[in-house]
Amino acid sequence: MLLLIQYTLIFSSVLVLVALGGCISEHSGVINLGLEGIMVIGALGGALMMRYLGTSNAFIMVLLVMLAAIVFGMLYSSLLGVACINFKADQTLVGTALNLLGTAAATVFVKAINTAANPDDHSSEIEYVRARKMFIVNINGFEFNWFMLVAVIAVIVVAVMLYKTKFGLRLMACGEHPQAADSVGINVYKMRWAGVLISGALGGLGGICYILAGVSLWKFENGVAGFGFLALAVMIFGQWKPYRIALAALLFGLFRALSNTYVGFPALAALNLPGNVYNMMPYIVSLIVLAFTSKTSRAPKAEGIPYDKGSR
Amino acid sequence: MKKVLKNPGVQAFVASIICIILGLLIGYIVLLFINPEGAAESIINVIKNFLTWNRANKKLQQFGNTLAKTMPLLMCSLSILFAYKVGLFNIGAAGQYVAGSCACLYAALAWGWGWLPCMIFALAAGAVLGAIVGFLKSRCNVNEVISGIMLNWISLYLANTILTKVKETASPYTMYIKDVNPSALLPNAGLDKFFNNNQYITIAVPLALIIAIAVYILLSKTKLGYELKATGSNKNAAKYAGMAENRNIILTLIISGALAGLGASMLYLTGYMRWECTQSSVPGMGFNGIAAAFLGGLNPIGAIFSSFFIQHITDGGQYVNTNFYSSQISDLISSVIIYLCGFVLFIKLTMNKMIARSEEKKARAIKSAASQGGDK
């Protein structure tokens, strides 16, 4: 049971971070479908830091790994910004390209450094057993991960930022009615860039959190198994509102955690279902949830439409 | 020259070529970055693919392999471009492809069906998956990209579970069709003779080409195609003009899914590949289809050539120098090409601007020449 709670919390943390990223980007008017790729690149940044940073100080390790993930995520998301904000490219197409590129680039890169280190090693894996321990505090068998705290802080900060600060309100105006925002002197392009970069930072954090969640070895060929899209489903279920996103993430996190822990429940194990059923569960749940909640969706009105100063 | 450049078809072609060149260039730079020595040779091998072989027979044989894999890719890209013309981004093509693979393999191996019913079963499986996405989109307003991705993963795990029943006991792969039920293999119809007896060249090749032409005709010459495109460009206007916009959305995704599902049978029923029942990622065919669709300028005929090109460099990936590089470099190149396709609109706009500017200049020059002539 403790294990189920632990996995639920850590997977919810991943979903919260990434979904908040998507939420901020969409509030600024840009649909960020590239979150999946951003997660991979963020995870790559963090994993490289863990591999090459030889410190035994847990605080420095946690801080620098998070920072690396954030920087990688932001840099990568700027590819989305350039194409969709400055060149008015199709946001769905570019987002999809970023997802494919993220996994391909990470695989090529990790394989190259593995092969350079050892000519017989053609794997795309990075191992971080020692570093992972620094992220975890063991409380009576419950593995507390610092990312759980980061996720809680992120929810509060994003909620305050969106509803209580000048910046947040202006950002949301750009996603609802960019022409109106522009007419009162808000620079729509700048605001959208800010939205995309923040979503890149949160997506990168979510990525490193995901690969640290249950394992201490990551194979980059696998990407992040649709988690970026699950986060988008969480965002829609949460109606683009930070607190509701947090609740939605807990629900989705629970179903994801079941696939890691169902063996430990006699009642579930007795059903003798194939493991694949539990693997499918989060995706099936999200489809059902989306079917019931999308009709009354409160999506930002101008999302997905490139802003053109000249158009009315 | 300018007249030629004004033609939208030519513009699309030029834009695609620019994307390809830039994509290959970026791939080359990445290789240089990893290891400067051997980068040039490796990128040339990626471009040459089967031409790296010396013997003519072997070349022909490998050409046949690439061609056999081009057909499912072409079907996936048709699936995506068909939906895109109706304003829907069918990223679920990857899952519809998985459903098609699962259906045709299971029917062939467990039930012993012939190739034609297997193919139709694969088509139906893809269509059902497409219908789910279409239904969710039109009735429940669910974004088709997200529901498509969810169904991709669901169908992957489902296919793994179902196909485990027909897998070899010693390996994670499904049994060979040629051992269990040779009647399910697509007939060669003598086409293999042209490719040094490559058994993977089957009737799938002409069939896929015919379907590409059929999609072209359906989209540009028929009433249904017009209605679908109208629904895509403005759902409300289409509704106002008396078109059943919800029905059109569902119908589009059914056709789109059927294309992807059928595409899967064109690969698995040749026996070229077997399904790995423990695979943990969705096959890339559907995603490469996105690259092919956009690189082909969203034109079914263009898709034939772009699909071949994408498959060509994907296969070419195995000829890189594996002492330094990995074959995924071709995935990287094709994803960069998809990214660059986002800029196609901008490239076309710039081209038009340049033409307009030079025409203006010319007109001014003629005018001033004429007025000078008047002074004399």
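Colleague: To start, leaving aside its neighbours within four places in sequence, which residues is L212(A) in contact with?
Modeller: L212(A) is in contact with R132(A), F135(A) and F147(A), where contact is counted if the C-beta atoms of two residues, placed from the backbone, lie within 7 Å. Please keep in mind that this is a predicted model, in which local features need pLDDT of at least 70 and side-chain atom pairs count only at pLDDT 80 or more, while totals for chains, interfaces and linings use all residues. Residues are numbered from 1 along each chain as its sequence is written, and chains are lettered from A and ligands numbered from 1 in the order in which they are written.

Colleague: And is L212(A) buried or exposed?
Modeller: L212(A) counts as buried because it has 26 C-beta neighbours inside 10 Å; the cut-off for buried is 20 or more other C-beta atoms within 10 Å of its own, with exposed at 12 or fewer and partly exposed in between. The residue sits in helix α9 of chain A, and its C-alpha atom is separated by 9.7 Å from that of I136(A), 76 residues apart along the chain.

Colleague: How do the axes of α1(A) and α9(A) cross?
Modeller: The axes of α1(A) and α9(A), the latter covering residues 188-213, come within 8 Å and cross at roughly 165 degrees, the axes being lines fitted to C-alpha atoms over the stretch in contact and the angles running from 0 to 180 degrees between N-to-C directions. α1(A) is therefore roughly antiparallel to α9(A), given that angles under 35 degrees count as roughly parallel, over 145 as roughly antiparallel, 65 to 115 as roughly perpendicular and the rest as oblique. α1(A) passes α9(A) in a left-handed crossing, meaning that the near helix is turned anticlockwise from the far one by less than a right angle, whereas clockwise would be right-handed.

Colleague: Who meets whom there?
Modeller: Residues of α1(A) including F11(A), V14(A), L17(A) and G21(A) meet residues of α9(A) including G195(A), L202(A), G206(A) and Y210(A). The residues of this contact divide into 14 nonpolar, 9 polar and no charged, with Ala, Val, Leu, Ile, Met, Phe, Trp, Tyr, Cys and Pro taken as nonpolar, Asp, Glu, Lys and Arg as charged, and the others, Gly among them, as polar.

Colleague: What about α1(A) against α11(A)?
Modeller: Helix α1 (residues 2-27) and helix α11 (residues 242-261) of chain A have axes that come within 6 Å and cross at roughly 135 degrees, which means that α1(A) is oblique to α11(A). α1(A) makes a right-handed crossing as it passes α11(A), and the residues of the contact divide into 17 nonpolar, 5 polar and 1 charged.

Colleague: Changing topic, which strands does β2(A) join?
Modeller: Strand β2 (residues 136-139) of chain A is joined by 4 bridges to strand β3 (residues 142-145), and the two run antiparallel; strands pair if DSSP finds at least two bridges between them. I139(A) has F142(A) as its bridge partner, and N140(A), in the turn of this hairpin, has a positive phi of about 50 degrees.
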